[in-house]
Amino acid sequence: MDGFAVYQSTVLNGIRGLVHAFGSRGLDTESPDAVPERLRFLGIPPDRIFTLRQVHSPHVLIAREEDLEKRGAIEGDGAVCVSPGMGTAILTADCLPVIVASEACPGFLMIHVGWRGLEGGIVEAGLALYRSTTGAPLESLRAAIGPSASACCYEVGWDVARLFVTTYPEYLTGSKGDRFFLDLKGICRRKLASSGLLEKSIDVMQECTVCDGRFHSVRRSSGNRLRQITVAYIT
């Protein structure tokens, strides 16, 4: 598609009124207030996309029409959008981009999940806000975890590993000395399932942003300021 690739989830495809895409190099930006015009190739008007100033928090909010004027200015790491003709986007370069939508209700949840947000409960907070806003039954929910750092490359120290070693020991593998590999995708999937989503309704994309040069990665290139965009839009 005009020199850049997008990734879509099989479990989200077919949900009426939802357009979504996980970006790669080419569908990217340096700043949350600069939404690329290339979204028009997906049928998404860039001026109708809300973005947050991401701070690795568990904070999730409802994106409203008036918030479009505050693109990139409101702190948070997740948003629920239910307004037709509007969407949201998040920026990632190793963290997990997650979209949750329902076959039964309009709108979607989008969250930016790093280890801080994962440990702080952003998955649970996002699902609770989405369900309280839309009334979506658990059995109708569909979730996709997009391209992000996989367990093969997401190395952390004991300061991070200790936060997960008791509750999710199976998602930690030893490295050298006090270094460990943490499976963020696995923990996120487990949290979604523990919250009531059906296993068959959770799509985990296997692309690793650290291994795969088609994606931007802070861990591979710390000086790179570009981030791929994950976007969802309600028609």
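Proline 137 is in contact (heavy atoms within 4.5 Å) with Ala104, Cys105 and Arg131, leaving aside its neighbours within four places in sequence. Proline 137 sits in the loop between helix H2 (122–134) and strand S9 (141–145); helices (H or I, at least four residues) and strands (E, at least two) are DSSP runs, numbered from the N terminus. Please keep in mind that this is a predicted model, in which local features need pLDDT of at least 70, side-chain atom pairs count only at pLDDT 80 or more, and totals for chains, interfaces and linings use all residues. Residues are numbered from 1 along each chain as its sequence is written, and side-chain values use heavy atoms, with hydrogens and water left out.

**More on proline 137**

- Proline 137 is partly exposed, at a relative accessible area of 26%; buried means under 20%, exposed over 50%, and partly exposed in between (1.4 Å probe, protein chains only).

**The chain as a whole**

- Four helices and 14 strands are found in the protein chain.
- Along the principal axes, the C-alpha atoms fill a box of roughly 50 × 40 × 30 Å.
- Of the 235 residues in the protein chain, 55% are buried.
- Take the contacts between residues at least 6 apart in sequence: 63% of them join residues at least 24 apart.
- The accessible surface is about 9,900 Å², and 49% of it belongs to carbon and sulfur atoms; these areas come from the Shrake-Rupley method with a 1.4 Å probe, and for residues only the protein chains shown count as cover.
- There are 25 positive and 26 negative side chains, and the centres of the two sets lie 2 Å apart. Here Lys and Arg count as positive and Asp and Glu as negative, while His and the chain ends are not counted; a charge is placed at NZ of Lys, CZ of Arg, CG of Asp or CD of Glu.

**Tyrosine 233**

- Tyrosine 233 belongs to strand S14 (residues 227–234) and is buried, with a relative accessible area of 10%.
- Beyond its neighbours within four places in sequence, the contacts of tyrosine 233 include Gly17, Leu18, Val19, Arg48, Met86 and Phe108.
- Tyrosine 233 and leucine 39 are 194 residues apart in sequence, yet 10 Å apart in space, C-alpha to C-alpha.

**Cysteines**

- The structure has zero disulfides, a disulfide being a pair of cysteine sulfur atoms within 2.5 Å.
- Cysteine 95 is in no disulfide, and the nearest cysteine sulfur, that of cysteine 188, is 11 Å away. Cysteine 95 counts as buried, at 13% relative accessibility.
- The sulfur of cysteine 152 has its closest cysteine sulfur in cysteine 153, at 3.6 Å, which is too far for a bond. Cysteine 152 is partly exposed, with a relative accessible area of 45%.

**Backbone points to look at**

- Most residues other than glycine have a negative phi.
- Histidine 56 has a positive phi of about 60° although it is not a glycine. This histidine 56 lies in the loop between strand S3 (49–51) and strand S4 (60–63), and is partly exposed at 35% relative accessible area.
- Aspartate 94, also not a glycine, has a positive phi of about 145°. The loop between strand S6 (86–92) and strand S7 (96–102) holds aspartate 94, which is buried at 4% relative accessible area.
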